[in-house]
Every structure is written in structure tokens, then in C-alpha cells.
Amino acid sequence: MFRDEPEAKEKAVKIAKYLNAEDKTNENNGNDNGKNETHIHSQRIDIETLRKIGVKTNLLEDDQNLQEQVLTAYHLMTLIFENGPALKFISSSTESRVIVK
């Protein structure tokens, strides 16, 4: 994300620190409300917050083809997990797939 940018490592560390919520000191983890935050896997983080901490973002709505593909994948995964015995679904770029039951 930050290849060839000045202070790339510092930017990446700031984002990772915020998303991992590992910092239990009195620092504010990149937010302006002065509070420490704890993040969990299912927690929603809005695009404004992501941009504020330095994550480069694009809106799905700006690319209708990509948005349709992402929503199709989301709906398929929802069906697999809600209507079947699957606990985990792993897919690779080599078209290998594993469904853990």
C-alpha cells in the first residue's frame, strides 16, 4: 500500500496498531476522542476512520462490476455458512478451495 512512499513503515505500523488494538497505553490509537479502543473481528470500521488513520480506500460504488462481484461472493458465503455445516472456507489464487466442517 505504501511502496516507495516516505515513512512507509511508520504509516503501516500506525494502521496495524489501530486495527489490532494492541496498544493498551494512554495513547489514543489514532482517533480524536482520546479513548483507547478495542477491535474485534466482526466490528465495523467506517471508511472515514480508515482514511483518517491512513488506509488507502476505494468505494465499491465507484466500480459497479467490482461491487456486483463482491456482493455475489458475500451472498454465496452467507448461504454456505448459514445453511450448511461449514465453519471455514479457504480459497486461493490457484483456484484451490477447502471447506472446513
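View 1. From the N terminus on, the elements run α-α-α-β-β; helices (H or I, at least four residues) and strands (E, at least two) are DSSP runs, numbered from the N terminus. Of the 101 residues, 14% count as buried, where buried means under 20% relative accessible area, exposed over 50%, and partly exposed in between (1.4 Å probe, protein chains only). The accessible surface comes to about 8,400 Å², and 53% of that belongs to carbon and sulfur atoms; areas come from the Shrake-Rupley method with a 1.4 Å probe, and for residues only the protein chains shown count as cover. Among contacts (heavy atoms within 4.5 Å) between residues at least 6 apart in sequence, 20% join residues at least 24 apart.

**View 2. The largest nonpolar core.** Its 6 residues are Phe2, Ile15, Tyr18, Leu50, Ile53 and Val55. Such a core is a set of buried Ala, Val, Leu, Ile, Met, Phe, Trp, Tyr and Cys residues joined through side-chain atoms within 4.5 Å. Leaving aside neighbours within four places in sequence, Ile15 touches Phe2, Ile53, Gly54 and Val55.

**View 3. Thr57, in the loop between helix H2 (47–52) and H3.** The side chains of Thr57 and Arg51 make a polar contact of 2.6 Å. That term stands for a pair of N or O atoms within 3.5 Å; within protein, one must be able to donate a hydrogen and the other to accept it, and residues adjacent in sequence count only if both atoms are side-chain atoms. Beyond its neighbours within four places in sequence, Thr57 is in contact with Ile47, Leu50 and Arg51.

**View 4. Gln67, a residue of helix H3.** Gln67 counts as buried, because its relative accessibility is 17%. Its side chain has a polar contact of 3.3 Å with the side chain of Gln64. With neighbours within four places in sequence left out, Gln67 is in contact with Leu60 and Glu61.

**View 5. A nonpolar surface patch of about 350 Å².** Leu87, Ile90, Val98 and Val100 make this patch. Leu87 lies in the loop between helix H3 (64–83) and strand S1 (88–91), and it is exposed at 66% relative accessible area.

**Notes for all views.** Residues are numbered from 1 along each chain as its sequence is written, and side-chain values use heavy atoms, with hydrogens and water left out. In this predicted model, local features need pLDDT of at least 70 and side-chain atom pairs count only at pLDDT 80 or more, while totals for chains, interfaces and linings use all residues.

Technical notes:
Patch = residues over 30% accessible without salt bridge, like charges linked within 9 Å, V, L, I, M, F, W, Y side chains within 5 Å. Salt bridge = Lys/Arg side-chain N within 4 Å of Asp/Glu carboxyl O.
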